[in-house]
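Here is a friendly briefing to read with the model open beside you. Please take a look at the sequence and structure first, and then go through the points below.

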Amino acid sequence: MLRSVDGIKKVIEAVETSCARYLYDGLQSSRLPLLAGDVRPIDPSTIESVSALRKYLVSVKVPAHRNALSLLLNADHSLAVEQYRRKRYRDGSIIPANNRPCRYCPASTESELHALFECSGLESLVQRRGDFYQRVVDVFGSERLVERCSSDPLITFHYFLDHDDMGPILAKFVYDILAMFPLQLV
Ligand SMILES: [Zn+2]
């Protein structure tokens, strides 16, 4: 196979396809709820699609805000859903996701989408979310997408992420919300 140009091309294609599949399968981890699933239009068989430069990496100009988005997307943050994943019960067993409670309200999981769109246990958080929703109304001229933050939060999050105007606004929101959930010694 490696004795002809066509053969070498086929090997390169096979390596690229395998690499794309490996990366795509890695994204399907339950640890990455914002990246898993079919929310984003990714073709798992092509490396160009799987490893494409994401729009927010260009549209979000403030490094700290871009970094906050990356941390949230890659589950490298201070929310309990991730921090308790790194802990174990005394007997060594895993702490289930539904027992990684929110520090501000009775919710059983302090998840990414809970912190952004659901939690009402902290007044400053509710206020900050209200400001964010006002920006959404300003950009789109209606309440429709504000309502979708509750009814369809994951898809709406990705819609904002890929939107030229909303990407930076979402990034600042994520930055501010993560600051309200500092790392705790659990
Ligand atoms: Zn909460």
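Of the 186 residues of the protein, 22% count as buried, where buried means 20 or more other C-beta atoms within 10 Å of the residue's own, exposed means 12 or fewer, and partly exposed is in between, with C-beta atoms placed from the backbone. Please keep in mind that this is a predicted model: local features need pLDDT of at least 70, side-chain atom pairs count only at pLDDT 80 or more, and totals for chains, interfaces and linings use all residues. Residues are numbered from 1 along each chain as its sequence is written.

**Overall layout**

- The protein has 10 helices and zero strands; helices (H or I, at least four residues) and strands (E, at least two) are DSSP runs, numbered from the N terminus.
- The C-alpha trace spans about 70 × 55 × 30 Å along its principal axes.
- Among contacts in the protein with a separation of 6 or more, 56% come from residues 24 or more positions apart; two residues are in contact if their C-beta atoms, placed from the backbone, lie within 7 Å.

**Two domains**

- The domain assignment gives domain 1 (1–52) and domain 2 (54–186), and such bounds come from an automatic or database domain assignment.
- The C-alpha centres of domain 1 and domain 2 lie 28 Å apart.
- Eight residues of domain 1 are in contact with 12 residues of domain 2.
- The side of domain 1 that touches domain 2 has six nonpolar, no polar and two charged residues. Here Ala, Val, Leu, Ile, Met, Phe, Trp, Tyr, Cys and Pro count as nonpolar, Asp, Glu, Lys and Arg as charged, and the others, Gly among them, as polar.

**The nonpolar core**

- The largest nonpolar core has 27 residues, and those with the most contacts inside it are L69, L72, L170, A171, V174 and I177. A nonpolar core is a set of buried Ala, Val, Leu, Ile, Met, Phe, Trp, Tyr and Cys residues joined through C-beta atoms within 7 Å.
- Two or more residues of this core come from each of α4 (63–73), α5 (80–83), α6 (112–118), α7, α9 (153–161) and α10.
- Helix α10 gives the most to this core, with seven residues.
- L72 is in contact with L34, H77, E112, V174 and L178, leaving aside its neighbours within four places in sequence.

**How α7 meets α10**

- The axes of helix α7 (residues 123–140) and helix α10 (residues 166–179) come within 11 Å and cross at roughly 180°. Axes are lines fitted to C-alpha atoms, for helices over the stretch in contact, and angles run from 0 to 180 degrees between N-to-C directions.
- Helices α7 and α10 are therefore roughly antiparallel to each other, a label for angles over 145 degrees.
- From α7, the contact is made by L125, R128, F132, R135 and V139, and from α10 by M166, I169, F173, D176 and I177.
- By class, this contact has seven nonpolar, no polar and three charged residues.

**Individual residues to look at**

- A75 is found in the loop between α4 and α5, and its phi is near 55°, a positive value in a residue other than glycine.
- A75 counts as partly exposed because it has 19 C-beta neighbours inside 10 Å.
- L27 lies in helix α1 and is in contact with L32, L35 and A36, leaving aside its neighbours within four places in sequence.
- S29 is found in the loop between α1 (5–27) and α2 (47–50), and S29 is exposed, with 11 other C-beta atoms within 10 Å.

Conventions. Angles under 35 degrees count as roughly parallel, over 145 as roughly antiparallel, 65 to 115 as roughly perpendicular and the rest as oblique.
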